[in-house]
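Dear colleague,

I am handing over the structure that we spoke about, and you will find it directly below. Please look through it alongside the notes that come after it.

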Amino acid sequence: MAPATDLGYLLHKHPDRAQAFEQSFGTAHVFYPDADERRCTAALLLDVDPVKLVRTRGKGTPDFSLGQYVNDRPYAASSLLASAMANVFRSAMRGRCDSRPELAAGRLPLEIRLPALPCRGGAERAERCFAPLGWNVEAVPLPLDPGFPEWGDSRYVSLTLTGELRLADALNQVYVLLPVLDDAKHYWIAPDEVDKLIRAGEGWLASHPDRAAITRRYLAGRHGLVRAALGRLADADDAPEDALDRDPIEEEPPAADPTAAEPGAPEPDDAAGAAAPPVPLAERRMQAVLETLHAERAPRVIDLGCGTGRLLARLKQDRYFEKITGVDVSHRAVQIMHRRGLPDEHGPDREPRVEVFQGALTYADERFAGYDAAVLMEVIEHVDPPRLPAVEQVVFGGARPRLVIVTTPNVEYNVRYEGLAPGAARHPDHRFEWTRAEFASWAGRVAETFGYQVRYVPVGDDDPQVGPPTQMAVFSLGAGTAARKTNGGDA
């Protein structure tokens with residue numbers, strides 16, 4: 001966009017003016033720290049009045065008396081900021097710009113920065129929310145106190161989003177996802193919140209892989225409102241409503257201190273009482289996979305069933321890995337990975353280090369061969385049991401890497417998840433979930449059939465009664481067989 005100051009047309013706020021807008025909980029200020037031909041930055045600063053905030057007190061506000069006045073609301077991005085956005089940037093969020101309609105309709109190079117964002121689920125949750133929308137996500141955990149690093153990280157992240165999107169889409173996504181990440185709204189959730197969610201989520205929420213979780217958090221778990229919103233999203237996506245009826249179970253471990261998760265609760269004064277935030281299970285899975293790939297010296301990796309590329313992005317950051325390929329059956333997932341800039345451009349002189357392509361694991365594909373390792377992370381449980389033998393033949397018989405890593409949920413651990421009905425799966429798309437004995441039986445049979453050795457690695461806290469939440473099998477070929485097959489694949 002040239003000049004960059006045309007951003008003022010879209011926001012309906014002139015770059016040469018500083019403006020103030022009264023809110024029910026304080027004052028919102030809009031100003032431009034820099035504005036020239038090449039770069040234009042618009043800032044929204046929310047000055048929260050603690051007395052006004054008490055008057056808009058929601059059910060998530062701490063019950064202790066000082067907690068109504070002393071909290072993180074003036075210092076962190078939250079539903080208060082989202083509410084101010086809706087008031088201050090109303091026309092921009094609707095995509096209206098009568099003077100420059102072509103500018104409002106086009107995709108622009110954007111950067112959005114939230115210096116302090118309460119984020120239940122940590123950086124991984126922010127990635128899950130924004131990455132499928134085409135953003136490059138940088139979520140950096142903030143320490144409790146930089147002067148005392150041993151205290152660990154707080155529940156806040158510094159979030160930077162970069163990408164090319166319509167400004168209206170970008171603003172609406174932030175508007176919805178701010179209270180979702182914070183997991184608290186400062187005001188009463190009325191039925192018209194469903195209309196606001198559907199309006200702001202138009203064009204992106206119905207197709208979001210975490211749409212059900214986003215809907216539940218945005219509507220604060222109000223069952224009737226959530227059902228209504230999910231039904232309308234199903235209509236928008238032309239999908240059956242029961243496909244959206246329940247979101248994947250929250251796999252993040254609970255906070256060690258229950259008060260730490262309360263919106264607005266102060267951080268502990270005593271360093272000894274400041275527990276480090278729990279590490280999300282999804283992060284533990286990726287870390288276990290990365291550690292195994294390093295330990296087994298597998299620099300050429302293919303991620304089979306890679307989704308929108310979370311593991312792929314981590315592999316790309318690690319320069320140890322020489323060749324990285326992602327495969328998914330979903331064309332939409334492949335498009336998202338391209339928008340995120342995960343694959344490398346094909347150069348005339350050398351093979352790209354990172355590639356992605358669409359493919360099905362139930363059909364033989366010569367592109368799957370020639371790698372040191374294949375990863376199937378949380379994939380097999382999405383396959384109908386009658387089709388598992390085809391996957392086994394394609395991966396272990398056809399591609400035949402010297403290392404195969406498979407992770408899958410341990411169904412025995414499901415009793416530890418509050419709110420998960422007996423017999424229900426963690427994700428509505430899971431075709432099955434295995435016990436530890438069932439997984440070991442399957443993995444042992446596959447290893448014996450295709451000439452692999454297999455070992456098992458618990459992922460997450462290993463409960464003495466029900467085992468770990470995730471079970472991982474590491475299949476490996478003998479050294480001689482692996483060398484012969486790898487050489488043949490490279491040739």
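What follows is a summary of what was found, arranged by topic.

This is a predicted model, in which local features need pLDDT of at least 70 and side-chain atom pairs count only at pLDDT 80 or more, while totals for chains, interfaces and linings use all residues. Residues are numbered from 1 along each chain as its sequence is written, and side-chain values use heavy atoms, with hydrogens and water left out.

The core

Leaving aside neighbours within four places in sequence, Phe 130 is in contact (heavy atoms within 4.5 Å) with residues including Trp 135, Leu 159, Gln 173 and Leu 177.

Helix α11 and what follows it

Helix α11, residues 281-295, has 15 residues and reaches 21 Å from its first C-alpha to its last, close to the 21 Å expected at 1.5 Å a residue, where the expected span is 1.5 Å times one less than the number of residues. Among its buried residues are Leu 281, Glu 283, Arg 285 and Leu 293, buried meaning under 20% relative accessible area, exposed over 50% and partly exposed in between, with a 1.4 Å probe and protein chains only. The helix is followed by Arg 297, whose phi is positive, near 55 degrees.

In the loop between α11 and β7, Glu 296 is linked to Arg 455 of strand β12, 159 residues apart, through a salt bridge of 3.2 Å, N to O; the term covers a side-chain nitrogen of Lys or Arg within 4 Å of a carboxyl oxygen of Asp or Glu. Glu 296 counts as partly exposed, because its relative accessibility is 25%, and Arg 455 is likewise partly exposed at 38%.

Other salt bridges

The whole structure holds 22 salt bridges. One of them joins Asp 210 and Arg 128 at 2.9 Å, N to O, a pair that lies 82 residues apart, with Arg 128 in helix α6, and both partners are buried.

Thr 325 is found in strand β8, residues 323-328, and counts as buried because its relative accessible area is 1%. Not counting residues up to four places away in sequence, Thr 325 touches Val 301, Leu 312, Phe 357 and Tyr 371, among others.

A search of the whole structure finds 14 aromatic pairs, meaning rings of Phe, Tyr and Trp (its six-membered ring) with centres within 6.5 Å, called stacked if the planes are under 30 degrees apart, edge-to-face if over 60 and tilted for the rest. Tyr 320 and Phe 321 form an edge-to-face pair, 5.2 Å centre to centre with 80 degrees between the planes, whereas Phe 357 and Phe 368 are stacked, at 6.3 Å and 15 degrees. In the latter pair, Phe 357 belongs to strand β9 and Phe 368 to the loop between β9 and β10.

With kind regards

Key:
Helix = DSSP H or I, 4+ residues; strand = E, 2+ residues; numbered from the N terminus.
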